[in-house]
Amino acid sequence: MFKNITPHIITGTLPDFVTLEKALQQMPFDPTTGQQNKSVGWVPPSEDGGLFVESVNGQLIMRFMTETRQVPASVVQSRVDEMVSEWEATTGRKPGKKERRDLQEQAVTELLPSAFPRKRATWVWIDREKSRLIIDSTSAGTVDDIITALVKRVDGFVAEPLRTVTDPSLVMADWLSDQCATGDFKIGKACELKSQDETKAVVRYKNHSLLIEEVQVHIDFGKLPTSLDLEWDGRVNFTLTDSLQLKKITFSDGVLEQSKAQSQRADDFDGNVVMATSEIGQMLDELIAELDGVEK
């Protein structure tokens, strides 16, 4: 739960539980059928209940389902080749560009119903106290689908990417230059540095100490971090990007053991939500503070 997040600020109507539940009921997920290549909608976040919204410790939790069908390009090409051969045998000539394009579209339409469907569920969290929308995805397409779905169903809902006063790349650069992060953050062992000039040169470190002069030299020559592995308070590990996305979020053994001890069972939904939202929420608060607050 919540492994790669894209945080947003809700600037429009802040929906309550009842409003949100009614809105999501209007867009339940239905699997793709026939020649439909994509279907999206909401599913209950908890297997124990039929509601589309779960309120846990004041946090609103939802789950967005996406199902796609895609025919492999090689399969489409094979079928197009067969159709071209049939065309040539019937007409005595090769199909033109437009005719070949039509054949390709026909092939996709023909093959799509037998394509294997792929489902992807995405956690969505609304923190009403902080007016935050947290989406458990860094895919621009998935994020757009979810925000569009909320905007269409919740009157007055508006969400914008969370932006801070100071650009994350500048703070990450300062931390690497100083060989020390501030607050409860510690520098990890992976980062990506990118040149800001026309060369766009990239240097990557993985499983490598970043507290070395070589990294400082790259920064002195104008490269800025586009991602940096960090640890927060010995409790959460993650990768921070220059667009303020948090990737590869993992919790320490201590946090997981504490959560397990407080839950009656290992798969306790409420317990997992409380653990994830509490840890990520506190970490995000401190990270925003280190970046000089939310941009107004």
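Which elements do the buried residues of H5 pack against?

A: The buried residues of H5 pack against E8, H6, E10, E11 and H8. Before going on, bear in mind that this is a predicted model, where local features need pLDDT of at least 70 and side-chain atom pairs count only at pLDDT 80 or more, while totals for chains, interfaces and linings use all residues. Residues are numbered from 1 along each chain as its sequence is written, and side-chain values use heavy atoms, with hydrogens and water left out.

A few words first. Helices (H or I, at least four residues) and strands (E, at least two) are DSSP runs, numbered from the N terminus. Contact means heavy atoms within 4.5 Å. Buried is under 20% relative accessible area, exposed is over 50%, and partly exposed is in between, using a 1.4 Å probe and protein chains only.

Now to H5 itself, residues 168–178. Its buried residues are Pro168, Ser169, Val171, Met172, Ala173, Trp175 and Leu176. Just after the helix, Gln179 takes a positive phi of about 60 degrees.

Some of those residues turn up again around Leu228. Leaving aside residues up to four places away in sequence, Leu228 touches Met172, Trp175, Leu176, Ile187, Ala190, Cys191, Leu210, Phe238, Thr239 and Leu240. Leu228 also stands out in the largest nonpolar core, a set of 45 residues in which Phe2, Leu228 and Phe238 have the most contacts. (A nonpolar core is a set of buried Ala, Val, Leu, Ile, Met, Phe, Trp, Tyr and Cys residues joined through side-chain atoms within 4.5 Å.) Helix H8, residues 269–290, gives the largest share of this core, 9 residues.

Phe2 sits in the segment before strand E1 (6–10), and it counts as buried because its relative accessibility is 0%.

E8, E10 and E11 belong to an open sheet of 5 strands, in the order E9-E8-E10-E11-E12 with antiparallel pairing. (Two strands pair if DSSP finds at least two bridges between them.) Strand E9 (202–206) and strand E12 (246–251) are the edges, each pairing on one side only. From one strand to the next, the twist averages 15 degrees. Strand E8 (residues 185–195) and E9 run antiparallel and are joined by 5 bridges, with Glu192 standing opposite Arg204 in E9.

Helix H6 (residues 213–220) lies across E8, E9 and strand E10 (223–232), at about 155 degrees to E9. H8 lies across E8, E10, strand E11 (236–241) and E12, at about 130 degrees to E12. (Axes are lines fitted to C-alpha atoms, for helices over the stretch in contact, and angles run from 0 to 180 degrees between N-to-C directions.)

In the loop between E9 and H6 you'll find Asn207, where phi is near 50 degrees, a positive value in a residue other than glycine.
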